[in-house]
Amino acid sequence: MEQSIGIGLLGAGTVGSALIARLVGESEAIAAKTGLTFDVRKIGVNRLERERDFAITEGLLTDDPFEVVNDPTVDLVVEVMGGKEPAGDLILAALQAGKPVISANKELIASRGPELIAAAERAGVPFLFEAAVGGGIPIIRPLSETLAGERLDRVLGIVNGTTNYILTEMASEGSTYEAALEQATALGYAETDPTADISGADAAAKAAILASLAFGTWVGVDDVYVEGIEAITSVDMTFAAEFGFVIKLIAVCERSESGVSARVHPAMIPLDHPLASIRGATNAVYLEGPTIESLLFSGPGAGGGPTATAVLGDVIDAARETLAGAQVAPRIRFSPTELVPFTDVATRWYVRLQVDDQPGVLAQIASGFGDAGVSIRSVWQEGVDDEAALIVVTHSAAESAQRSALASLRAIDEVIEVASVIRVLEHES
Ligand SMILES: NC(=O)c1ccc[n+]([C@@H]2O[C@H](COP(=O)([O-])OP(=O)(O)OC[C@H]3O[C@@H](n4cnc5c(N)ncnc54)[C@H](OP(=O)(O)O)[C@@H]3O)[C@@H](O)[C@H]2O)c1
């Protein structure tokens with residue numbers, strides 16, 4: 001028997017309007033497959049006067065989003081407005097009123113996740129957020145349900161399409177960072193203000209969510225070390241290719257005996273790693289665990305259509321659970337685990353230096369690393385006139401040791417410039 005569920009939408013922008021198009025245009029197919037019909041009963045927006053690409057009936061739109069949450073005909077709330085506030089208070093109000101909530105809001109979840117999940121648990125209703133990481137890629141449900149029994153060791157992610165597009169253009173077309181960013185903006189992959197993408201902040205919110213779900217302990221966005229792609233040059237792209245790597249902005253979430261850590265930074269990825277082939281705006285998440293060994297999820301990480309698919313899946317799931325009438329058990333529980341400070345996290349480094357081509361420079365550089373307890377894996381040098389480009393790739397060492405080595409290198413008179421430092425991803429092939 002078909003049952004109609006009243007939907008309240010907070011936001012009707014890129015994702016919200018794509019969701020409305022699906023709920024309206026594909027209602028028969030959805031009903032045939034799920035036995036459910038949905039009816040969008042109230043939509044909260046910022047600008048009532050804005051032109052919309054869906055039919056607006058009397059009273060459908062409001063610029064008071066609490067009207068959506070409080071509407072008695074709204075059974076289920078979908079938050080696709082973004083930002084921390086008022087989205088956070090609206091979600092809490094909906095949950096407190098016993099309404100299931102679906103959200104795509106990584107920024108909010110990465111900062112107030114436990115509070116929202118606890119509110120849903122108290123209310124006994126679902127709070128689902130499949131679209132918050134990886135857009136159309138199903139990854140939240142696999143992490144929190146399908147793989148709940150796997151003790152995952154590491155989660156790697158290319159979780160920002162804008163930066164992956166820029167770095168792919170730089171690697172494959174030899175574009176400068178500036179030209180690639182301009183191209184990304186022209187094609188609509190980058191926002192007018194791309195700061196959240198290129199600084200790594202967007203990926204950091206997603207890394208926080210991935211780490212929290214993978215390891216069952218809360219990792220907030222402020223616990224994630226983050227570096228963006230602004231300093232990546234075409235010179236390093238060329239060297240990376242020569243040495244068998246490609247540079248990607250990567251989220252790395254790890255569990256070790258000392259605890260868990262999460263970070264986002266550009267990294268040299270070996271060309272034989274599955275993430276090396278993730279090109280353009282595509283996103284991917286790569287999981288490593290003792291019995292699954294490795295799993296790769298990849299696909300469209302953003303865009304109205306793919307993101308609406310993820311939201312719609314959650315809407316159908318929440319509606320089924322609610323109609324079943326049972327008190328919904330929480331899908332995620334967090335228990336405290338030690339967070340490893342980034343200074344203790346061990347990584348391999350690629351360091352490119354510009355030096356005076358004098359006898360003894362290499363020895364001084366080698367002792368700079370050695371004195372800090374960092375061992376060198378390979379060195380490459382090319383001289384031009386009386387200067388030389390020197391590239392050192394280290395073995396894995398704690399961030400604090402690597403930084404201490406870097407400080408000693410900077411103090412060497414013959415070191416003209418430390419031109420770049422890029423971490424190298426560990427990969428057993
Ligand atoms: N776009 C993607 O590809 C994508 C992918 C994954 C996740 N997400 C997440 O999905 C959410 C929505 O993204 P989007 O791209 O659809 O955003 P968007 O296009 O900017 O749309 C935001 C919508 O929310 C409304 N809104 C914003 N602030 C409001 C307020 N204070 N009160 C009432 N309405 C308000 C806006 O109203 P007006 O229409 O009147 O301006 C607009 O309809 C974000 O959390 C984002 O991170 C997006």
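Biologist: Are Arg352 and Asp236 buried or exposed?

Modeller: Arg352 is buried, and Asp236 is too; buried means under 20% relative accessible area, exposed over 50%, and partly exposed in between (1.4 Å probe, protein chains only). Bear in mind that this is a predicted model, where local features need pLDDT of at least 70, side-chain atom pairs count only at pLDDT 80 or more, and totals for chains, interfaces and linings use all residues. Residues are numbered from 1 along each chain as its sequence is written, and side-chain values use heavy atoms, leaving out hydrogens and water.

Biologist: What makes Arg352 and Asp236 a salt bridge?

Modeller: Their closest N and O atoms are 2.7 Å apart, and a salt bridge needs a side-chain nitrogen of Lys or Arg within 4 Å of a carboxyl oxygen of Asp or Glu, so the pair qualifies. Arg352 lies in strand β13 and Asp236 in helix α11, so the bridge ties together parts 116 residues apart in sequence. Helices (H or I, at least four residues) and strands (E, at least two) are DSSP runs, numbered from the N terminus.

Biologist: Why is Arg112 called buried, and what is Glu85 called?

Modeller: Arg112 has a relative accessible area of 17%, so Arg112 is buried. Glu85, at 42%, is partly exposed. These two residues also form a salt bridge, with the closest N and O atoms 2.3 Å apart.

Biologist: How do you know that the span of helix α1 agrees with its length?

Modeller: The expected span is 1.5 Å times one less than the number of residues. For the twelve residues of α1 that gives 16 Å, and the end C-alpha atoms are 16 Å apart, so the two agree.
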